[in-house]
Amino acid sequence: MTPLETLLIRRITATGPITLADYMADCLLHPEHGYYTTRPPFGAEGDFTTAPEISQMFGELVGLALAQSWLDQGAPAFTLAEIGPGRGTLMADILRATRGVPGFHDAARVVLVEASPRLRALQEKALAGHPVAWCDTVEALPDTPLWLVANEFFDALPIRQFTRAGDGWAETMVGAQGDALVFGRAAPTSLATLAHRLADTTEGEVVELCPAAAGVMRTIAQRLTRHGGAALIIDYGSGPSRGDTFQAVRGQAFADPLATPGQADLTAHVDFAALAAAARPCATLLTEQGAFLSRLGIAPRSARLAASLTDTALENHLAATRRLTDPAEMGSVFKVLALHAPGTPPPPGMTDA
Ligand code: SAH
């Protein structure tokens with residue numbers, strides 16, 4: 001039994017079952033026992049690998065797309081922000097790739113939104129040599145023009161899950177049975193936030209809500225509307241939410257989400273329809289990651305890097321290129337949504353509705 005499991009069972013026995021959102025929040029960010037607060041989640045030694053950890057090309061192309069968007073909007077002084085920067089690899093690649101963009105670094109103030117003190121320390125190391133500030137929430141970002149990126153951040157935000165029952169919804173709960181955590185369902189209630197889903201779901205269907213995501217999107221859209229800027233949101237999912245997507249990954253394999261609380265990564269597919277709705281009128285159309293990276297020139301960039309590689313290094317590089325772009329790997333299940341200030345062009349690789 002993990003230490004967090006003991007705490008959760010004690011709490012549930014005393015005060016009753018908890019929502020998936022409460023369970024996820026504790027598992028990921030509990031100050032002493034949370035996954036992001038205690039473990040090195042990504043890269044070779046971690047439980048899963050993310051796009052920036054797969055290849056430097058990801059951060060380079062994202063960085064150049066942000067820089068082009070910044071030039072398109074008149075190159076103002078701005079906040080260059082990342083939400084959920086993990087090991088800091090993506091921001092390091094963005095900063096390296098944009099060194100040659102005249103004025104970009106001088107105009108940028110780099111701010112990272114990160115909840116885990118442990119990951120802040122890794123980010124500080126990865127970005128040594130660059131002045132960087134941290135904040136806890138998107139609301140706390142400086143009130144300035146903003147260019148922002150988030151990769152695999154929204155999938156880590158706590159979700160609530162509901163099963164359709166008549167015109168009501170039964171919420172998935174985490175309860176305790178003896179010394180084990182178990183899933184259960186609350187009695188159905190009607191929910192204003194899911195009223196619009198009565199039209200496109202049937203009895204027994206499962207939908208998920210990510211209550212924190214809409215607030216984050218609204219805050220970013222307000223900044224962009226007020227001061228200018230753009231954001232690239234990259235994650236796996238599509239939308240509207242349909243089916244149970246709550247999952248755990250441990251040691252590079254899927255695991256039971258209730259088995260080892262605090263020691264497995266917990267995620268859910270991102271409902272990009274909900275994200276875009278919260279960010280109107282700033283949101284672009286959703287694009288697959290493979291198509292986005294192709295439009296930004298990943299093929300010539302990959303060929304250029306390949307030219308100086310041989311043997312295993314070359315094979316690894318070609319495999320990484322495929323992994324990022326191939327529809328059978330990350331190319332299709334991962335999507336990109338951009339936000340940009342109304343009246344400005346969308347960032348390169350993205351199109352408006
Ligand atoms: N973007 C990185 C890491 C993704 S993992 C990459 O692509 O490799 C999710 C990141 O979001 C971690 O850095 C985690 O600590 C952070 N995070 C999760 N929930 C958060 C929250 N509520 N507020 C701020 N950061 C959060």
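Student: Hi! Which atom of the ligand is 2.7 Å from a polar backbone atom of Asn151?
Tutor: Hello! That one is a nitrogen atom of the ligand. Keep in mind that we are looking at a predicted model.

Student: OK. How much of the ligand does the protein cover?
Tutor: Of the 580 Å² of accessible area that the ligand has on its own, the protein covers 93%.

Student: And what does the backbone of Gly84 and Gly86 do there?
Tutor: In Gly84, a backbone N or O atom lies 2.7 Å from a nitrogen atom of the ligand. For Gly86, a backbone N or O atom is 3.0 Å from an oxygen atom of the ligand.

Student: How many residues surround the ligand?
Tutor: There are 17, and the closest are Thr50, Gly84, Gly86, Glu114 and Asn151. The shell divides into 9 nonpolar, 5 polar and 3 charged residues.

Student: Which pocket is the ligand in?
Tutor: The ligand takes up the space of the largest pocket.

Student: New topic: how many aromatic pairs are there?
Tutor: The count comes to 8 aromatic pairs. One of them joins Tyr35 and Tyr36, with ring centres 5.5 Å apart.

Student: Why is the pair of Tyr35 and Tyr36 edge-to-face?
Tutor: Their planes are at 70°, and an angle over 60 degrees counts as edge-to-face.

Student: Are those two buried or exposed?
Tutor: Tyr35 is buried because its relative accessibility is 0%. Tyr36 is buried too, with a relative accessible area of 11%; the cut-off for buried is under 20%.

Student: What about Tyr236 and Phe334?
Tutor: Tyr236 and Phe334 make a tilted aromatic pair, 5.5 Å centre to centre with 50° between the planes.

Key
Residues are numbered from 1 along each chain as its sequence is written. This is a predicted model: local features need pLDDT of at least 70, side-chain atom pairs count only at pLDDT 80 or more; totals for chains, interfaces and linings use all residues. Side-chain values use heavy atoms; hydrogens and water are left out. A residue is near a molecule or strand if one of its heavy atoms lies within 4 Å of it. A polar contact is a pair of N or O atoms within 3.5 Å; within protein, one must be able to donate a hydrogen and the other to accept it, and residues adjacent in sequence count only if both atoms are side-chain atoms. Accessible areas come from the Shrake-Rupley method with a 1.4 Å probe; for residues, only the protein chains shown count as cover. On a 1 Å grid over the protein atoms alone, a cavity is a set of points where a 1.4 Å probe fits but cannot get out, and a pocket is an open set with protein on both sides within 12 Å along at least five of seven lines; lining residues have an atom within 4 Å of a point. A molecule sits in a cavity or pocket if more than half of its atoms lie within 2 Å of its grid points. Ala, Val, Leu, Ile, Met, Phe, Trp, Tyr, Cys and Pro count as nonpolar, Asp, Glu, Lys and Arg as charged, and the others, Gly among them, as polar. Rings of Phe, Tyr and Trp (its six-membered ring) pair if their centres lie within 6.5 Å; planes under 30 degrees apart count as stacked, over 60 as edge-to-face and the rest as tilted. Buried means under 20% relative accessible area, exposed over 50%, partly exposed in between (1.4 Å probe, protein chains only).
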